[in-house]
Amino acid sequence: MTDGTDTLTRPPARLRTLVAAGLLAAVPAMPAAALTTEERAKRGGEVISRLNNGQPQPTLERMREEFPFLAEATEAYALGDVWSRPGLDTRTRQLAAVAAFAAIGETAFMKIHAGYALNAGVSEDELKEIVYMVTVPAGFPRAITAARTLSDLFAERRPSEGETP
């Protein structure tokens, strides 16, 4: 018997079991011929190529040099499995990523995905709206940091004086 404090912080075991069963039922079964890691990584590489206008992703390539397993796992799982899923278009996926990374304070990743969002046709004003939205769940300090990061990205992407766009 417990003193009751456990029930204030954790749902009862039966409820946890039902929720877990429901989640498992919602996950589609693996296809009979599951993709190999190499096939998943190839699919991830194709995602990067589309997002980054045919260019390699510098952060992933640097990681590949010293942390090849982490780079492969990122490419195969995050990009090949998750980013390749149907259900969201590229634009929506990038807006969600920018918001999530801004909210958790991961501005380096936010900047990468904001660049992909711009490549996918998202406007600077739409990205600014994402930052405004971040103030609600994550607070002003995170939003202000995200705003500075976006300002840097916008400045980097704008043509310098004398350059043609």
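View 1. From the N terminus on, the elements run α-α-α-α-α-α-α-α-α. Residues are numbered from 1 along each chain as its sequence is written, and side-chain values use heavy atoms, with hydrogens and water left out. In this predicted model, local features need pLDDT of at least 70 and side-chain atom pairs count only at pLDDT 80 or more, while totals for chains, interfaces and linings use all residues. Of the 165 residues, 24% count as buried; buried means under 20% relative accessible area, exposed over 50%, and partly exposed in between (1.4 Å probe, protein chains only). The chain exposes about 11,300 Å², and carbon and sulfur atoms supply 61% of this area. Accessible areas come from the Shrake-Rupley method with a 1.4 Å probe; for residues, only the protein chains shown count as cover. Among contacts (heavy atoms within 4.5 Å) between residues at least 6 apart in sequence, 61% join residues at least 24 apart.

View 2. Arg 93, Gln 94, Leu 95, Ala 97, Val 98 and Ala 102 are the buried residues of H6. Their cover includes H3, H5, H7, H8 and H9.

**View 3. Val 98 in helix H6.** Val 98 counts as buried because its relative accessibility is 1%. Leaving out residues up to four places away in sequence, Val 98 touches Met 110, His 113, Ala 114, Leu 127 and Ile 130. One of these, Ala 114, is 16 residues from Val 98 in sequence, and the two C-alpha atoms are 5.9 Å apart.

**View 4. Helix H7 among its neighbours.** H7 (residues 107–119) has 13 residues and reaches 18 Å from its first C-alpha to its last, close to the 18 Å expected. Its buried residues include Met 110, His 113, Ala 114 and Tyr 116. The buried residues of H7 pack against H3 (37–51), H5 (68–83), H6 (90–103), H8 (124–138) and H9 (140–157). Just after H7, Gly 121 has a positive phi of about 100°.

**View 5. The largest nonpolar core.** A nonpolar core is a set of buried Ala, Val, Leu, Ile, Met, Phe, Trp, Tyr and Cys residues joined through side-chain atoms within 4.5 Å. Of the 17 residues in the largest core, Val 98, Met 110, Ala 114, Leu 127 and Leu 150 touch the most other members. H6, H7, H8 and H9 each supply at least two residues of this core, and H9 gives the most, with 5 residues. A second, separate core of 8 residues includes Ile 48, Met 63, Leu 79 and Tyr 116.

**View 6. Arg 40 and Ala 41 in helix H3.** Arg 40 counts as buried because its relative accessibility is 18%. Beyond four places in sequence, Arg 40 touches Leu 35, Glu 75, Ala 76, Tyr 77, Gly 80 and Asp 81. Ala 41 also counts as buried, at 14% relative accessibility. With neighbours within four places set aside, Ala 41 is in contact with Glu 75 and Ala 76. The C-alpha atoms of Ala 41 and Gly 80 are separated by 5.8 Å, although these residues are 39 apart along the chain.

**View 7. Asn 53 in the loop between H3 and H4.** Asn 53 is not a glycine, yet its phi is positive, near 55°. Is Asn 53 buried or exposed? Asn 53 is exposed, with a relative accessible area of 53%.

View 8. pLDDT is the predictor's confidence in each residue, from 0 to 100. Its mean over the chain is 84, and 77% of the residues reach 70 or more. Where pLDDT is low, the predicted coordinates should not be read in detail.

Note on methods: Helix = DSSP H or I, 4+ residues; strand = E, 2+ residues; numbered from the N terminus. Expected span 1.5 Å × (residues − 1).
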